[in-house]
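Hi everyone, thanks for making time for this. Please have a look at the picture with me, and we will walk through it together.

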Amino acid sequence: MIDKYNYNDEPSGRADTLAMALDKCERLERQLSVAKEALEEIEKNGADSSIQTITSLCVNNWLWAHKALKEIEELENERK
């Protein structure tokens with residue numbers, strides 16, 4: 001969720017706001033990277049599905065998604 005913009009008209013306010021925005025962009029970039037990696041792994045598992053049972057494919061995909069969501073959650077909690 002995007003935080004409400006909180007700009008105060010003090011000399012350091014603009015620099016602080018910019019620094020906070022850059023931190024958030026960097027965190028979101030790391031979260032996107034984690035999600036992309038997980039989706040690529042799930043896609044790769046799907047391509048190899050002829051040698052896997054449907055059950056193992058589903059379990060593997062669930063594990064990748066679960067791991068990615070945990071990492072994304074940790075990155076989100078990093079700012080708090």
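Of the 80 residues in the chain, 16% are buried; buried means under 20% relative accessible area, exposed means over 50%, and partly exposed lies in between, with a 1.4 Å probe and protein chains only. A quick word on where this comes from: this is a predicted model, where local features need pLDDT of at least 70, side-chain atom pairs count only at pLDDT 80 or more, and totals for chains, interfaces and linings use all residues. Residues are numbered from 1 along each chain as its sequence is written, and side-chain values use heavy atoms, leaving out hydrogens and water.

Now the layout: the chain has two helices and zero strands. Both terms refer to DSSP runs numbered from the N terminus, helices being H or I with at least four residues and strands being E with at least two.

Let's visit helix α1, residues 13–47, where A38 sits. Is A38 buried or exposed? A38 is buried, because its relative accessible area is 6%. Leaving aside residues up to four places away in sequence, A38 touches W64 and A68, where a contact means heavy atoms within 4.5 Å. A38 and L63 are 25 residues apart in sequence, and their C-alpha atoms are 9.4 Å apart in space. Across the chain, 49% of the contacts with a separation of 6 or more join residues 24 or more positions apart.

Over to helix α2, residues 54–77, which holds V59. V59 counts as partly exposed because its relative accessibility is 41%.

That's my tour, thank you!
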